[in-house]
Each structure stands twice: as C-alpha cells, then as structure tokens.
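Student: Could you walk me through one part of this protein in detail, and then show me how the rest is packed? I'd like to follow along on the model.

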Amino acid sequence: MTKKLYWEDATVSSFKSNILSIEPYEIDPSKFVVVMEETAFYPEGGGQPWDEGTIGSSAVVYVYEENDTIYHVVEKAPTETKGVDCQIDWERRLDLMQQHLGQHILSSVFEKLFSATTVGFHLSNEYVTIDVTKDSLTYGEASLIESEANAVVFSSLKVFTHFPNDEELKKLPLRKPPSVTEGIRIVEVEGYDFSPCGGVHPLQTGSVGQIKIRKWEKMKGHIRVEFVCGGRALKDAAWKNRQINEISNLLSIKDVETKEFVEKLVADSRKLEKTLRTYRRELMDYQIKELHASAEIHKDCSLVVKVFDGEDFKTLQSMASSLNQYPNTVALLATKTDKAQVVFTRSKDLDINMNQLFKEVIELVDGRGGGNPQTAQGGGSNLSNLDGLMTAAVMKIKNEYLK
Ligand SMILES: [Zn+2]
C-alpha cells in the first residue's frame with residue numbers, strides 16, 4: 001500500500017521517497033515500473049489524467065493504481081533507491097487540477113440553477129467536457145451559469161476533503177452518490193458543493209482562475225458542454241482575441257462589429273455569385289451563337305471546330321450540349337489545361353458515329369475516353385499533339401464521314 005501524499009497535501013510538487021521495487025513494465029518491456037513508500041504522483045483515475053515528472057533522473061510517463069499501490073512507469077530504471085528526489089511536472093498538474101475543480105463547480109451550478117445532473121465527464125490535454133441532463137442550452141442560460149460559477153471562483157472558497165463515517169455521511173448534502181462503499185472521500189467546496197471524489201484539487205476555488213464555457217452540443221437526451229479553466233481559458237481568449245483583432249483590422253471595422261459585418265459580406269458574396277452565374281450563362285450563349293454562326297459549312301453541315309486555352313472541361317461539355325441542339329451540326333471542341341481534353345458531338349439529325357471518330361484520333365494525344373454515337377469525350381497527356389488531333393478529326397469528317 002503506497003502512502004498517498006497528494007491526498008494529504010495537493011500542493012506538494014517535490015518530495016523524497018524510498019523505492020521499494022523496480023520491475024520491467026509488462027506492456028512495454030523497454031520501460032520500468034517503480035513502486036515507492038510514498039508518492040505525490042497522482043495516478044490516472046476519476047476522469048483525471050496521471051501526473052508526469054521525474055523520479056531521480058528517470059522521466060515518469062504514466063502512473064496507475066492497483067489495489068492501493070501506486071505504480072510509476074519510467075523510461076529508464078532509477079540508479080538510487082534511498083531518499084530519491086522526485087519532481088512533479090507542476091504546470092501539467094496545476095492545469096489538470098484547475099480543469100477538475102472547475103468541473104466540480106460547473107456541475108454544481110448546473111444542478112443548482114437547472115436541476116441538471118452531470119452524467120459524464122471527460123478531461124484530456126486537449127479539451128474538457130461534461131454531459132448534463134438538460135434538453136437544450138441557450139446563450140442566456142450559459143451566461144447565467146458562467147456568472148454563478150465564476151462568482152464561486154472569485155470568492156476563493158476553501159476546498160476541504162473529508163473521510164466521513166456512515167453517520168456523518170448521511171448528514172452531508174451530496175451532489176451525487178458515492179461510487180465506492182468503503183473509504184469514501186468527500187470533496188467540499190466550502191459549504192457550496194459536496195461530492196465524492198478521489199481526485200486532486202487546488203486548496204481554494206480562486207486557483208481555478210476562470211471558468212469559460214466554449215460551446216455545447218445536443219447528445220442523446222443531454223447536453224455536452226465543453227469548457228476551459230485557468231490557463232486554458234487564458235489561451236482560449238488569447239487566440240480568439242487575436243483573430244477578432246486581425247479580422248477587424250483587415251475589414252477596417254470595430255471589433256464589436258465583426259459578426260454583423262461578416263454576415264453582410266457573406267450575403268453580398270452570395271448575391272455576387274448568383275449574378276456572376278447569370279452573366280457567365282449569357283456570355284456562353286453568346287459565344288455558342290458566335291461559334292455556330294462562324295462555322296465552316298461542309299456539305300450543308302455546320303462544322304464547329306474550336307480549341308480553347310485553359311477553359312474548364314465542364315464549360316466545354318456545356319457548350320457541346322448547346323451546340324448539338326442546332327440542326328445539321330458537328331462540334332469538335334478541345335481545351336488545353338494541364339492536359340488535352342476533347343468533346344466531339346453532333347446534332348441528332350446526322351448519322352455520324354462520333355464515338356468511332358473519337359476512338360480513331362484520341363491516341364494522337366495518348367488519351368483515353370469514349371461515349372456514344374452522338375457524343376464522345378476524353379483526354380490525354382500529349383498536349384503538343386492536340387492541334388494535330390483536331391486537324392485529323394476534321395479531315396476524317398470531311399473525307400470519310402460526310403462524303
Ligand atoms: Zn474531484
């Protein structure tokens with residue numbers, strides 16, 4: 001059984017202890033598991049991640065508890081075993097304690113203001129969430145909850161731990177029932193909240209710094225609330241502040257006007273896109289008329305031949321399907337982008353197999369593709385031979401297909 005220094009005093013960041021055993025770590029034999037007489041390293045549990053730090057000069061990468069013994073997983077075996085200097089990564093521990101106590105307070109406020117019970121808690125290095133039994137949450141309600149929770153933080157209430165006997169336990173106004181039956185540990189936020197918990201917490205609520213709800217989403221029958229406390233709240237505010245400042249500078253507006261202005265920008269941009277689409281359509285109709293009007297006439301058939309530079313393939317396909325609405329028309333369209341792309345089409349009143357013609361010439365650009373007797377399309381990598389392909393196709397139309 002390891003003596004748990006973190007329960008006696010959650011502010012211990014360095015201590016000396018005697019090592020009782022050093023064994024290879026079963027899960028990863030390159031690492032070792034150290035057991036000491038006493039420890040301030042908090043093991044994983046109760047939703048709170050483990051502490052990191054050093055035992056002697058060995059880095060502690062994981063800490064877990066089994067049958068009241070605390071096991072420290074280290075990168076290398078410590079060389080000393082008596083009075084070994086141990087150091088907790090305090091930045092990590094303080095961060096985790098801030099989030100953890102913040103959770104006690106936030107859960108308590110949800111309970112007090114909306115009778116919403118916390119049914120889930122997740123704390124990682126990236127984010128902290130609680131799941132509360134509530135159907136919805138408005139910005140107004142979230143703001144009310146934040147005010148109350150931060151009033152508890154600003155009051156710097158003391159945080160006590162109790163190991164009550166059965167009689168004493170009955171008298172405590174617990175927020176939730178204990179999950180264990182023996183050695184029940186109660187964490188009290190000075191007269192405000194009593195909850196069973198085996199975790200580590202700062203000694204007073206002021207250390208939480210600030211509790212900020214970031215966002216929330218509906219989950220099956222409850223609300224998942226994501227929040228940040230202390231240093232994380234500061235970092236969260238910092239990047240958001242910077243982004244709002246940079247956006248408002250970019251738009252030359254006041255920071256408080258950012259949302260309204262961006263909403264207007266998005267609406268304007270949608271209108272512009274719609275107008276642009278209309279103009280593009282009109283322009284294309286005009287181009288199609290032009291193309292058809294200036295087409296070479298061969299045996300009473302209009303022969304539209306055009307190679308575009310950089311036009312996208314979709315536009316080409318769209319043009320082809322407009323051009324083949326004209327009677328007695330063959331259209332051979334191509335575009336040069338990073339490759340050579342081709343669409344061959346004809347009006348329904350002509351008996352020409354465009355797929356066959358396409359297959360006969362597409363190899364000239366090392367290409368592939370196909371279609372049906374009316375329309376065939378595809379592309380190839382040999383851009384330099386695209387003009388040769390078009391010339392060959394025109395020759396074939398004139399000499400073989402429209403004889
Ligand atoms: Zn706790």
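Student: Which residues does UniProt place under the feature "coiled-coil region"?

Tutor: Keep in mind as we go that this is a predicted model. The UniProt record, an unreviewed entry, puts the "coiled-coil region" at residues 262-289. In the model that span is 100% helix and 0% strand, and its end C-alpha atoms lie 40 Å apart.

Now look at helix α7, residues 313-323. Its buried residues are Phe-313, Thr-315, Leu-316, Met-319, Ala-320 and Leu-323. They cover an arc of only 155° around the axis, so they sit on the same side of α7. As for what they pack against, the partners are helix α6 (258-293) plus the strands β18 (301-309), β19 (329-336), β20 (340-346) and β22 (375-380).

In soluble globular proteins, nonpolar side chains tend to be buried together. Here the largest nonpolar core has 30 residues, and the members touching the most others are Ile-105, Leu-106, Phe-110, Ile-211 and Val-225. Helix α2 gives the largest share, six residues. Take Phe-110: leaving aside residues up to four places away in sequence, Phe-110 touches Ser-115, Ala-116, Ile-130, Val-132, Lys-134, Leu-137, Ile-145 and Val-225. A separate core of 25 residues lies apart from that one, with Leu-303, Phe-344, Val-361 and Ile-397 among its members.

Lys-134, one of the contacts of Phe-110, also has its charged end over the ring of Phe-114, 4.6 Å from the ring centre. Lys-4 does likewise with Trp-7, its charged end sitting over the ring at 4.5 Å from the centre. Trp-7 belongs to a cluster as well, linked through ring pairs with Tyr-6, Tyr-42 and Phe-163.

That brings us to ring pairs in general: a search of the whole structure turns up nine aromatic pairs. In one, Trp-50 and Tyr-62 have ring centres 4.9 Å apart and planes at 90°, which makes the pair edge-to-face because planes over 60 degrees apart count that way. Trp-50 is in the loop between β5 (38-39) and β6 (53-55), while Tyr-62 is in strand β7 (residues 58-66), so the pair ties together parts twelve residues apart in sequence. Trp-50 is partly exposed, at 21% relative accessible area, and Tyr-62 also counts as partly exposed, at 21%.

Key:
Residues numbered from 1 in each chain as written. Predicted model: local features only at pLDDT ≥ 70, side-chain atom pairs only at ≥ 80, totals over all residues. Heavy atoms only, no water. Phe/Tyr/Trp six-rings, centres within 6.5 Å; stacked < 30°, edge-to-face > 60°. Helix = DSSP H or I, 4+ residues; strand = E, 2+ residues; numbered from the N terminus. Buried < 20%, exposed > 50% of the residue type's maximum accessible area, 1.4 Å probe, protein only. Lys NZ or Arg CZ within 6 Å of the ring centre and 35° of its normal. Core = buried A, V, L, I, M, F, W, Y, C linked by side-chain atoms within 4.5 Å. Contact = heavy atoms within 4.5 Å. UniProt positions renumbered as here; feature names shortened; annotations may be inferred. Arc of directions from axis to C-beta.
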